[in-house]
Amino acid sequence: MAKEKKKGFITEFKEFIAKGNVLDMAIGVVIGAAFKAIVTSLVDNIINPLIGLAINTASLADAKAVLKEAVTETVDGVTTVVTEAVTLNYGLFVKSVIDFLIVAFCLFCTLKVVMSIKSKAEALRKKEEEEKEEEAAPAPAEPTPEEVTASTLKEILAVLKDKENK
């Protein structure tokens, strides 16, 4: 019985892979990683130095607040660090926020375009289906001779009743 479940699972997995969703997802991950590298380069090499210039540091990533200075000791002309400085590296945090915002904005724009295309395609598909249904709908059936005669007789009766009431 366990083998039957395994067979079902393996068969389902093969069907899942065959649908192409896994391939689409893999391509998306690879493109996303490459895009992330481009955004990181943009932030590190263009945006950070410009912001760093505005705040008088070499780069935004170098911006920090020193909470506690480092403790050093000099013995025989050799300086050693006894305790490292405690710093609040807000520049790295701001850099990460900028990275995130650029990636999120690009994903938002991409999704807007994809959803718009998908919506237009759905509307076009629906319109085509409606046109096919209209074409496939049978024309109204011609009335039979008996129906024509009955209708004519009803009209004559209505005219006669109308004259009688006058």
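A: A surface patch is made of residues with over 30% relative accessible area and no salt bridge, where like charges are joined within 9 Å and nonpolar side chains (Val, Leu, Ile, Met, Phe, Trp, Tyr) within 5 Å. This is a predicted model, in which local features need pLDDT of at least 70 and side-chain atom pairs count only at pLDDT 80 or more, while totals for chains, interfaces and linings use all residues. Residues are numbered from 1 along each chain as its sequence is written, and side-chain values use heavy atoms, with hydrogens and water left out.

Q: Which residues gather in a patch of negative charge on the surface?

A: Lys and Arg count as positive and Asp and Glu as negative, with His and the chain ends not counted. The place of a charge is taken as NZ of Lys, CZ of Arg, CG of Asp or CD of Glu. In this structure the negative patch on the surface is formed by Glu128, Glu130, Glu131, Glu133, Glu134 and Glu135.

Q: In which helix does Glu133 lie?

A: Helices (H or I, at least four residues) and strands (E, at least two) are DSSP runs, numbered from the N terminus. Glu133 belongs to helix 3, which covers residues 90-136.

Q: Is Glu133 buried or exposed?

A: Buried means under 20% relative accessible area, exposed means over 50%, and partly exposed lies in between (1.4 Å probe, protein chains only). The areas come from the Shrake-Rupley method with a 1.4 Å probe, and for residues only the protein chains shown count as cover. Glu133 has a relative accessible area of 55%, and therefore it is exposed.

Q: Which residues make up the largest nonpolar core?

A: In soluble globular proteins, nonpolar side chains tend to be buried together. A nonpolar core is a set of buried Ala, Val, Leu, Ile, Met, Phe, Trp, Tyr and Cys residues joined through side-chain atoms within 4.5 Å. Here the largest one has 6 residues: Val39, Val43, Leu60, Ile98, Ile102 and Val103. Two or more residues of this core come from each of helix 2 (21-54) and helix 3. Helix 3 gives the largest share, 3 residues.

Q: Which residues make a nonpolar surface patch?

A: The nonpolar patch covers about 940 Å² and is made by Ile55, Leu67, Val86, Leu88, Tyr90, Phe93, Val94, Val97, Phe100 and Leu101. Strand 4 (86-88) and helix 3 are the elements that each give two or more residues to the patch. Its largest share, 6 residues, comes from helix 3. Val86, in strand 4, counts as partly exposed because its relative accessibility is 39%.

Q: How many salt bridges does the count come to?

A: Side chains of opposite charge can pair when their charged atoms come close. A salt bridge is a side-chain nitrogen of Lys or Arg within 4 Å of a carboxyl oxygen of Asp or Glu. By this rule there are 5 salt bridges. One of them joins Lys36 and Asp99, with 3.3 Å from N to O. This pair links distant parts of the chain, since Lys36 is in helix 2 and Asp99 in helix 3, 63 residues apart. Lys36, at 37% relative accessibility, is partly exposed, whereas Asp99, at 5%, is buried.

Q: What separates Arg125 and Glu129 in helix 3?

A: They are separated by about one helical turn, because they are 4 residues apart. Arg125 and Glu129 form a salt bridge, with their closest N and O atoms 2.4 Å apart. Arg125, with a relative accessible area of 37%, is partly exposed, and Glu129, at 39%, is partly exposed as well. Elsewhere, salt bridges that share partners join Lys36, Asp44, Lys95 and Asp99 into one network.

Q: Which residue has a positive phi of about 60° although it is not a glycine?

A: Most residues other than glycine have a negative phi. Asn56 has a positive phi of about 60°. Asn56 lies in the loop between helix 2 and strand 1 (65-68) and is exposed, with a relative accessible area of 73%. Asp76 also has a positive phi, near 55°. Asp76 is in the loop between strand 2 (71-75) and strand 3 (78-83) and is exposed, with a relative accessible area of 78%.
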